Amino acid sequence: MSTTLHSESDDSSSYSSSEYEEQIDDDKLQPKIPLSTSVFLEKLPKEQYQQLNKTILDHENQELQPSTSKQDQARPDLVSPRQHTQPDSAQIQKITIRFQSIGSTPSINPKVFKISSSQTISTLSRFLSQRLKHKGLLYLYVQNSFSPNPDETIGDLFNSFKTNNELIISYCYSVAFG
Amino acid sequence: MNFTGASSSATTEIKRKLWNGCINIKVVLPHDSEDIEYLINIPRNSYLPIHFQQLISYFQNYVSYEIYKQALWFEYEGVPIAWNLPVGVLYDYLYLPSVIQERGGGGLDQNCWTIQLNLRGKYPAEYIIPFVYTNPDNTINYEQSLNEIIVNQLKQSCFVINGSAKPIMNLSESNSKLLWNSIVTRNLGQFTSLNKKIIPKQFQRIPVKIYIPGSTTVIQAPIHAYEDDKPVTLSRVLQRELPNLFTNDVKLARTYIHGIDISSIMDMPLHDIWTIFRHLDNFLYIIIIAMS
């Protein structure tokens with residue numbers, strides 16, 4: 001799955017029509033799974049195997065939850081043959097990230113970007129370091145409270161910790177919230 | 001079955017057993033023509049870096065270079081092991097499927113998990129979190145990285161529960177040190193009393209992480225403790241988060257917490273299950289294994 005961070009000018013509210021758009025390539029990291037686990041899964045009955053794969057695909061292409069609470073949403077509650085196609089760029093859910101610098105750490109412009117929901121914090125961290133031309137430690141914070149683990153996906157963090165439909169990431173060159 | 005009716009002494013006993021639950025690990029270092037092995041018994045709710053010192057002292061006897069200068073890491077079947085997860089979660093996520101498959105087969109040593117130690121070579125920083133701190137003598141400071149991860153996980157779970165990480169951010173410095181100390185020295189009494197201070201009284205959501213062996217997917221949904229004033233059960237959560245695997249009638253997978261098949265308590269309120277089975281970072285780790 002290709003991943004891109006699209007930047008947009010800060011004052012533009014219409015992302016798709018933004019004239020200013022950049023992309024960075026994803027590292028396309030292959031997930032590593034123990035061989036014995038793969039063997040175990042391949043020996044599963046067909047139904048289990050298929051539904052497991054659907055579950056994993058579903059999560060990767062998960063629908064973002066609107067601001068209303070999740071329980072209001074109707075979701076299929078039966079195992080049903082749902083349509084699963086390879087995600088193309090139009091289907092990949094994009095999440096709005098707003099970067100905020102803390103203290104004397106330089107800010108970046110634009111501050112608002114779009115990123116695929118399946119990407120992780122480490123992608124974000126690498127991107128930001130490149131933007132800032134910074135080689136040392138970079139601390140990212142969600143909700144000005146905690147540093148998410150590098151392997152957490154943007155979609156999960158967005159669902160739990162968004163503010164006004166944006167995931168606000170504060171950053172600093174030193175520990176800001178001990 | 002329900003724990004609310006159980007006596008508090010029974011609950012305390014279960015918590016004590018979970019706290020003391022251990023895993024046998026055989027650490028293997030490929031060295032010249034023969035492997036060097038070290039057997040270690042690690043608590044399920046501990047973390048690998050807490051035991052690095054012990055491993056380094058042993059393996060240093062066999063190698064000519066200084067182990068302290070470069071970050072070590074572990075692999076299982078070529079998969080780098082994420083040191084930031086509790087050891088029991090790693091075992092269930094990476095090894096439990098093989099254990100289940102071999103059950104009754106007898107081909108696999110169910111009582112010992114063999115992992116490979118790597119001391120040199122390129123640290124797989126794209127897969128697992130690098131250790132970025134060093135001590136004044138240039139040796140790797142593993143404890144600082146682990147401390148940072150656990151404290152931030154505690155803050156994150158605190159935030160999930162009640163929309164604020166204030167209780168832990170307001171913890172005094174001496175109490176923060178005591179909390180960390182109780183984790184490293186495995187002092188259950190001290191840990192419980194300090195942890196009480198950082199768990200919010202008001203409960204909105206429950207911090208849960210769902211792992212699916214065979215994928216790198218981790219599900220962390222905002223799970224509400226109550227729906228329509230009724231406590232949410234674990235089966236309700238699984239039916240909603242994993243609708244392909246769990247329905248009212250069909251279960252295509254089994255659910256493990258702390259290595260225990262918890263099928264019999266699926267209809268308990270998730271909050272009760274969290275109270276008993278959460279890990280040190282106050283997250284409830286659930287492992288889903290598809291099964292016939």
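How many aromatic pairs does a search of the whole structure find over all chains? In this predicted model, the count over all chains comes to 28 aromatic pairs.

One of them joins A:Phe113 and A:Phe127 in an edge-to-face arrangement. A:Phe113 sits in strand β3 (residues 112-116) of chain A and A:Phe127 in helix α3 (residues 121-132) of chain A, so this pair ties together parts that are 14 residues apart in sequence. A:Phe113 is buried, at a relative accessible area of 0%, and A:Phe127 is buried too, at 4%.

B:Tyr123 counts as buried at 14% relative accessibility, and B:Phe131 counts as buried at 10%.

| Ring pair | Centre to centre | Angle between planes |
|---|---|---|
| A:Phe113 and A:Phe127 | 5.1 Å | 75° |

Now for the helices. In chain B, helix α7 (residues 173-185) packs against helix α8 (residues 188-198) at an angle of about 135°, and their axes are 9 Å apart. The two helices are therefore oblique to each other, and their crossing is left-handed. Among the residues that meet here are B:Leu178 and B:Leu179 from α7(B), and B:Phe191 and B:Leu194 from α8(B). The residues of this contact comprise 6 nonpolar, 5 polar and 1 charged.

Key: Residues numbered from 1 in each chain as written. Chains lettered and ligands numbered in written order. Predicted model: local features only at pLDDT ≥ 70, side-chain atom pairs only at ≥ 80, totals over all residues. Heavy atoms only, no water. Axes fitted to C-alpha atoms, helices over the stretch in contact; angles between N-to-C directions. Helix = DSSP H or I, 4+ residues; strand = E, 2+ residues; numbered from the N terminus. Parallel < 35°, antiparallel > 145°, perpendicular 65-115°, else oblique. Left-handed = near helix turned anticlockwise from the far one by under 90°. Contact = heavy atoms within 4.5 Å. Nonpolar A, V, L, I, M, F, W, Y, C, P; charged D, E, K, R; others polar. Phe/Tyr/Trp six-rings, centres within 6.5 Å; stacked < 30°, edge-to-face > 60°. Buried < 20%, exposed > 50% of the residue type's maximum accessible area, 1.4 Å probe, protein only.
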